Amino acid sequence: MATDAAWTARLARYKGPDLWRSVWQLTSAAALFAGAWALMYASLSVGYWLTLLLAIPAGFFLIRLFIIQHDCGHAAFFRSARAADIVGSIIGVLTLTPYHYWKKTHALHHATSGNLEHRGFGDIDTWTVDEYLARSRWKQFGYRLYRHPVVLFGVGAVLHFFVRHRIPTIVPREWTRERRSILWTDVGLLALIVLMGTLLGFREFLMVQLPVTLLSTAVGVWLFYVQHQFEPTYWEHDERWAYDAAALQGSSYYRLPRLLQWATGNIGLHHIHHLHPRIPNYRLQQALDDLPELRQVPTLTLWESFRCVRLTLWDERRRRLVPFAAVQHL
């Protein structure tokens with residue numbers, strides 16, 4: 001495999017936005033989401049079963065909007081930083097994700113993904129086997145609870161997006177811009193709820209928006225999970241950690257069916273994204289097609305990815321993620 005510098009040079013031609021493609025993707029994603037939302041609202045007079053059914057495409061359209069917010073944070077969607085920040089901040093109200101807060105923590109994630117000495121910001125909490133065994137039974141129970149699928153993709157996702165993202169004190173005091181981002185996102189969210197509730201009815205608004213948000217947050221956490229929690233993957237101590245290895249070995253190529261790949265904005269080509277975050281989502285597939293080496297990486301299909309849920313601890317001796325059952329005899 002190429003070095004960091006070599007990969008940067010090889011991928012340089014894919015980086016940077018195409019204004020018209022970005023504008024088209026933004027307007028089409030927004031129109032699809034708005035259209036699906038309107039259909040859900042209209043379906044309330046038919047039956048709530050239909051509303052919930054329509055929440056599935058609406059939830060994925062919201063995920064596409066989040067991918068645009070994500071690209072804005074990486075300076076990959078617009079050349080204008082101001083335009084990117086405005087668009088990202090507006091979408092952040094819909095996705096319940098304060099833009100500047102997320103932008104900073106996500107940059108830390110990219111800079112430290114797979115580094116055992118720099119866990120904690122913008123990632124799924126992952127303990128080593130030795131760390132787990134050294135903890136008290138109560139802390140072990142807490143970690144087991146946190147890693148349970150019902151908590152991680154359900155209760156935990158709700159608490160993370162609905163509650164944690166509303167509290168400015170989740171970031172250090174000196175992160176003033178990020179704190180303001182959280183506050184202004186809360187203001188925008190409140191304004192949206194009041195406006196839509198006044199126009200359509202608060203009950204009706206919640207009946208439509210709540211299932212869309214619940215689905216999109218659960219799927220969003222799932223996508224982030226399988227992008228880094230799989231086998232074989234990559235974790236190293238600081239002195240041996242390498243950016244390109246973390247990208248190619250510790251970020252999955254999640255090979256989804258074509259419709260799901262489109263619905264999730266190509267984010268399954270996560271190894272390429274980690275190699276060069278300034279490649280817009282609509283060029284990731286082209287890079288994969290052009291560079292055969294990018295297909296010689298850990299690959300997950302949709303069905304294979306469900307087995308990743310049981311992987312919970314990093315075993316430094318075996319150099320692999322293992323389930324809790326693997327340490328019960330220790």
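What follows is a walk through the model, one selection at a time.

**Before you start**

This is a predicted model, so to speak of a local feature here takes a pLDDT of at least 70, side-chain atom pairs count only at pLDDT 80 or more, and totals for chains, interfaces and linings use all residues. Residues are numbered from 1 along each chain as its sequence is written, and side-chain values use heavy atoms, with hydrogens and water left out. Helices (H or I, at least four residues) and strands (E, at least two) are DSSP runs, numbered from the N terminus.

**Stop 1: Leu65**

Select Leu65, which sits in helix 3. Its relative accessibility is 3%, so Leu65 counts as buried (buried is under 20% relative accessible area, exposed over 50%, partly exposed in between, with a 1.4 Å probe and protein chains only). Which residues does Leu65 contact, leaving aside neighbours within four places in sequence? Show Ala29, Ala30, Phe33, Ile91 and Leu94; contact means heavy atoms within 4.5 Å.

**Stop 2**

Move to Ala75, in the loop between helix 3 (48-73) and helix 4. Most residues other than glycine have a negative phi, and most peptide bonds are trans. Ala75 is not a glycine, yet its phi is positive, about 60 degrees. With a relative accessible area of 32%, Ala75 is partly exposed.

Next, colour helix 4 (residues 81-95) and helix 5 (residues 99-112). Two packed helices are described by the angle between their axes and the distance between the axes. Here the angle is about 110 degrees and the axes are 8 Å apart. Helix 4 is therefore roughly perpendicular to helix 5. The axes are lines fitted to C-alpha atoms, for helices over the stretch in contact, and angles run from 0 to 180 degrees between N-to-C directions. Under 35 degrees counts as roughly parallel, over 145 as roughly antiparallel, 65 to 115 as roughly perpendicular and the rest as oblique.

Show the side chains that meet: Ala84, Asp85, Gly88 and Ser89 come from helix 4, and Tyr99, His100 and Lys103 from helix 5. By class, this contact has 2 nonpolar, 3 polar and 2 charged residues. (Ala, Val, Leu, Ile, Met, Phe, Trp, Tyr, Cys and Pro count as nonpolar, Asp, Glu, Lys and Arg as charged, and the others, Gly among them, as polar.)

**Stop 2**

Val151, Leu152, Phe153, Ala157 and Phe161 are the buried residues of helix 8. They pack against helix 4, helix 7 (137-147) and helix 10 (202-226).

Zoom in on helix 7 against helix 8: their angle is about 65 degrees, with axes 4 Å apart. Leu145, Tyr146 and Arg147 of helix 7 meet Pro149, Val151 and Leu152 of helix 8. This contact has 5 nonpolar, no polar and 1 charged residues.

**Stop 3: the sheet**

Which order do the 3 strands of the open sheet follow? The order is 1-4-5, and the pairing is mixed; two strands pair if DSSP finds at least two bridges between them. Strand 1 (127-128) and strand 5 (320-322) are the edges, each pairing on one side only. Strands 1 and 4 run parallel and are joined by 2 bridges. Trp127 is opposite Leu313 of strand 4.

Then pick Thr128, in strand 1. Is Thr128 buried or exposed? Thr128 counts as buried, at 3% relative accessibility. Not counting residues up to four places away in sequence, Thr128 touches Leu116, Arg119, Leu313, Trp314 and Glu316.

**Stop 5**

- Pro232 is in the loop between helix 10 and helix 11 (243-250), and a cis peptide bond joins Glu231 to Pro232, with omega about -5 degrees.
- Asn266, in the loop between helix 12 (258-263) and helix 13 (270-275), has a positive phi of about 60 degrees and is buried, with a relative accessible area of 13%.
- Phe306 lies in the loop between helix 15 (302-305) and strand 4 (313-315) and is partly exposed at 42% relative accessible area.
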